[in-house]
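Hi,

Here is the structure I promised to send over. Have a look at it first, and then read my notes below.

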Amino acid sequence: MDVSQTPDSKKEPEKKTKKGHSILLMFKWMGKHWYMLIVSFGLLYVISYLRTLIPLYSQHIIDYVLKFSPDGSRLPAFLFNLIDAPDTMTQILLASLMIIGVEAVRAVAIFLRRTTSSIFGERVTFDLRNNLYRQLQDKGYSFHTHSETGDLIQRCTSDVGTYQNFIETQITEVVRLVLLVALSIWQMAKLNVQLMLITLVSAPILFIIAAIYSGIVEKKFKVIEANESKMTTHVQENVSGSRVVKAFANEKYEVEKFEGLNRKYTDSDFELTKKMATFWSVTDVICFIQLCAVSVAGIYFAARGDISLGIFSAFVVYSQNIIWPMRQLGRLVGDFSKATVSIARLDEILSSDHEYTHESGALTPAITGAVRFEHVSFKFPDSTYHQLNDINFDIKQGETIAIVGRTGSGKSTLMNLLVRLLDTDTGAIYFDGVEIKQIEKHYLRQNVGIILQEPFLFSKTVEENIKIADRKLNGDRVKEVAKIAKIHEDIVGFEKGYETLVGERGVTLSCGQKQRVAIARMLLKPKPILIFDDSLSAVDTETDLQIRSALKKEWRNSTVFIITHRITTAKEADRIFVLDKGVIAEIGSHDQLIAQGGIYKQIWDIQSKLDFQLEGGESDER
Ligand SMILES: Nc1ncnc2c1ncn2[C@@H]1O[C@H](COP(=O)(O)OP(=O)(O)OP(=O)(O)O)[C@@H](O)[C@H]1O
Ligand SMILES: [Mg+2]
């Protein structure tokens, strides 16, 4: 599994976003909905073109109708012919009706454009969210252990929002402004080239400022995103771990820590706002100077008789059509920088390989329960030492194996290799002679059941939680397995029985109850191999015994691995593996290991002594 591709918010600010790649992705994610964007662009053309006609109406009235210039009207012929009339009053009336007509058509086009853009944005992000969720489901165990939940949630919500905002409003806004500027320049060029060029004097300055500003925004936004992600992660962790916080009376510390993160986030946001304010002020002044320049030059040209009064009035409007959009473009370039940061963050989830792309074999051999480990070693990618070293064993179908060892000795890691939650570095694991990497992963996990050390129950009913392995099974089977796992009595004791909601809004189960629900869940379907990772640690010794004897009856032919710290549980197994610092230090039956006098014997002695004392006996050390 590739951990290098794990999203890491802490590294975010240093990473360089490749803009070209982001643009490609932006369009790629639009998928089959791209045609709606084209429709939007078409409507934008209509809207912008109609807008550039409006100044020509005033020019028409001043120069042609009121006869201020011998040049006459500059309206396109088809419109001119529509509103030309023999008398002045009718001409004014028709021209006014025409303006209203043009504005009405523009209003309809604007409505259609906005609706199309919204539907487009919603549809694209609907698909994107589904895609992200699917990818997250398919990511490997390492990806999830190395990702911060808060950060992932932020990517799937806030970053998707930034992307949606950009494709829904800002792309079309860019096109609208570019069209408006281009069409206005074209109309102005037809009226007077010299004055048109004067109108464009400030354009390069505005563009240079916008380019510098865009770089600044991108950097600042990356910092904001990273800070927001840290804040979200803090909230998420503290809400999930609220009991730990309370138990250690850490509320004040946590609130202060949050305040620190919140301050950092607010400061970074404020930094960006300051930069934006500077940008707006500087460009405002430039735009104002530009407008003054156009007005002065226009008056000068009009006074010299180079242009008519009507053309001058049209220029005043056109220059506004150009200057304000160019200033807006600067802001949009900044927004584009924000969007590229979000796109890169989303791409980290979408593009990194999911676990099934890594060496997932296609074989579905019969798995009976025979397991062989050959020189298996394993090291976590970010660790400096091997957690498992040269593990070798051979297990026959139906054997019960207990695995004991100090905490951190590698017991869970060893079992995670069996279901390929982790993959071996060297050596190989065989199920009935077939190498594990050649077996199809889903198939493998259907045959090897594992109850993880920290069972997780969803916010669903107890029955739904048990039926996760197979939703089609009926309630009778659920009760049957609940009885084997000795949780049935507890469940019927709840007010709503099997319909009781578990988790945040429902009943909070005790640790032992959770473990037993997790056991019931795994027993739902017969499996040739079962793994209990310390799954009976939170139940009392008697229940532990009852569950194990019920299991023995029900699952006689299955190979069972029981990780346990309770030596009385281990004692019952056919063989016991003693793990010590990642190596199997001892293998044998209880009697053999006691006779060996090694680690197992030490643990046995300590636990027997403790049991003896607890039962009221006296220690022989006295
Ligand atoms: N994701 C991880 N990345 C790096 N090291 C890890 C990771 N998970 C576990 N380890 C390390 O691997 C070693 C073995 O861990 P493992 O969970 O297998 O121990 P264990 O024997 O199951 O302990 P316990 O009895 O407490 O459950 C430990 O030293 C642990 O710190
Ligand atoms: Mg463990």
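Before the notes, one definition: helices are DSSP runs of H or I with at least four residues, strands are runs of E with at least two, and both are numbered from the N terminus. This is a predicted model, where local features need pLDDT of at least 70 and side-chain atom pairs count only at pLDDT 80 or more, while totals for chains, interfaces and linings use all residues. Residues are numbered from 1 along each chain as its sequence is written, and chains are lettered from A and ligands numbered from 1 in the order in which they are written.

Let's start with G42, which sits in helix α2 (residues 34-65). G42 counts as partly exposed because it has 14 C-beta neighbours inside 10 Å (20 or more would be buried, 12 or fewer exposed, in between partly exposed, with C-beta atoms placed from the backbone). Its C-alpha atom is separated by 71 Å from that of I584, 542 residues apart along the chain.

Next, the helix pairs. α2 packs against α4 at an angle of about 165°, with the axes 9 Å apart (axes are lines fitted to C-alpha atoms, for helices over the stretch in contact, and angles run from 0 to 180 degrees between N-to-C directions). That makes the two roughly antiparallel, the word for angles over 145 degrees. The α2/α4 contact divides into 24 nonpolar, 6 polar and 3 charged residues (nonpolar: Ala, Val, Leu, Ile, Met, Phe, Trp, Tyr, Cys and Pro; charged: Asp, Glu, Lys and Arg; polar: the others, Gly among them).

Helix α4 (residues 88-138) also meets helix α6 (residues 149-191): their axes come within 9 Å and cross at roughly 155°. So α4 is roughly antiparallel to α6 as well. Residues in that contact divide into 10 nonpolar, 7 polar and 2 charged.

Now the cores. A nonpolar core is a set of buried Ala, Val, Leu, Ile, Met, Phe, Trp, Tyr and Cys residues joined through C-beta atoms within 7 Å. The largest one has 64 residues, and I403, A485, A520, I531, F561 and I576 have the most contacts inside it. Helix α17 (residues 511-523) gives the largest share, 6 residues. Leaving aside residues up to four places away in sequence, A520 touches I466, V481, A482, A485 and I487 (contact here is C-beta atoms, placed from the backbone, within 7 Å). Apart from this core lies another, of 59 residues, including W29, L195, L329 and L346.

Cheers

Technical notes: Angles under 35 degrees count as roughly parallel, over 145 as roughly antiparallel, 65 to 115 as roughly perpendicular and the rest as oblique. Two residues are in contact if their C-beta atoms, placed from the backbone, lie within 7 Å.
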